[in-house]
Amino acid sequence: MLSVKLKTLLAVVEQRNFTKAAEQLSLTQPAVSHHISQLEEEFGVTLFLRGKGGLRLTEEGEIVAQYARRMAALYNRLQQDLASTEKRITKLRIGITHTAESNLTAEVLAKYSGQNTGFSITILTDTINNLYAMLENYEIDLAIVEGATNSHALRSLVLDTDFLVCVVSPDNPLSRRAMITLDEIRRERLILRLPSSATRILFESTLRSRNDSLDNYNVAIEVDNIATIKDLVRKNLGVSVLPKSACIKELRRHQLAALPIENLSMVRETRIVYGHDFAHQEVLQTITELYRETVNNYR
């Protein structure tokens, strides 16, 4: 069980205020201050600094808070696993990026759960960096992301190899072309992912390798949600650069057209990322096979 002092620490981190943390925990404010002082004395560090926006963690405080989150997650997982064993159910928490959410990943996971009695899957959507942190803190079992991880604490295997394409509406005259040039893209209204997304980062880095920049393009709208981007493109309100796998259903239904970009190679991998101690290795193989089977069914 997580100690009351560490529970207090996490509440203060969340609220950035001793009084609000005390209200959340149904404690007095002096009790919260005393718990934090005890932790600082125990570890020999200062945990918080006061700023204009409230309390903020010191570098040492960040380390203590990270381990406290990990310990809380492990304890919750212990309780869940014991309850699941009693019910003979295996629960998997799988994190996916927004791009993975828009391709066939969620469908594949639903199929896997339906085909395997006793498996329950919870899907969480977040950014790559947050998913990596959740994996290392044992808050999720697997993550399905674009690209490889540099973390030595995690392992990965390739789920799919994909590439970025220019996506246009069937009503756009460009849709009848076999490919599109960068000059033609410059004349279009671009609807792109946010700068922090893996898709956007890959596109921009590829442009830089050609001594080009997005400053030379008409970026009309930036959207975090891929479904929204596809809907806007389908209505011919602009064009986008997206992973082909994220548009596979719309391409089959002729709701969108995907054009390779002349002289640009933007290949990327979708990977399943997991910890060294992940206990269900057979799940990885089955999900990979089911994913490839589902992709083939859409072709």
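The legends below describe an overall view and close-up views of a predicted model.

View 1. Helices (H or I, at least four residues) and strands (E, at least two) are DSSP runs, numbered from the N terminus. The C-alpha trace spans about 70 × 50 × 30 Å along its principal axes. Of the 299 residues, 44% are buried; buried means under 20% relative accessible area, exposed over 50%, and partly exposed in between, with a 1.4 Å probe and protein chains only. Among contacts (heavy atoms within 4.5 Å) with a separation of 6 or more, 73% join residues 24 or more positions apart. Residues are numbered from 1 along each chain as its sequence is written. In this predicted model, local features need pLDDT of at least 70 and side-chain atom pairs count only at pLDDT 80 or more, while totals for chains, interfaces and linings use all residues; side-chain values use heavy atoms, with hydrogens and water left out.

**View 2. A nonpolar surface patch of Ile 63, Tyr 67 and Met 71.** Together these residues have about 310 Å² of accessible area, computed by the Shrake-Rupley method with a 1.4 Å probe, where for residues only the protein chains shown count as cover. Patches are made of residues with over 30% relative accessible area and no salt bridge; like charges are joined within 9 Å, and nonpolar side chains (Val, Leu, Ile, Met, Phe, Trp, Tyr) within 5 Å. A salt bridge is a side-chain nitrogen of Lys or Arg within 4 Å of a carboxyl oxygen of Asp or Glu. Met 71 belongs to helix α4 (residues 59–87), and its relative accessible area is 42%, so Met 71 counts as partly exposed.

**View 3. Gly 51 in strand β1.** The strand covers residues 48–51. Gly 51 has a relative accessible area of 39% and is therefore partly exposed. From Gly 51 to Arg 16 the C-alpha to C-alpha distance is 10.0 Å, and the two are 35 residues apart in sequence.

**View 4. Asn 236, with a positive phi.** Most residues other than glycine have a negative phi. Asn 236 is not a glycine, yet its phi is about 65 degrees. Asn 236 sits in the loop between α10 (226–234) and β9 (240–243). Its relative accessibility is 35%, so Asn 236 is partly exposed.

**View 5. His 254, a residue other than glycine with a positive phi.** The phi of His 254 is near 60 degrees. The loop between α11 (248–252) and β10 (257–259) holds His 254. With a relative accessible area of 64%, His 254 is exposed.
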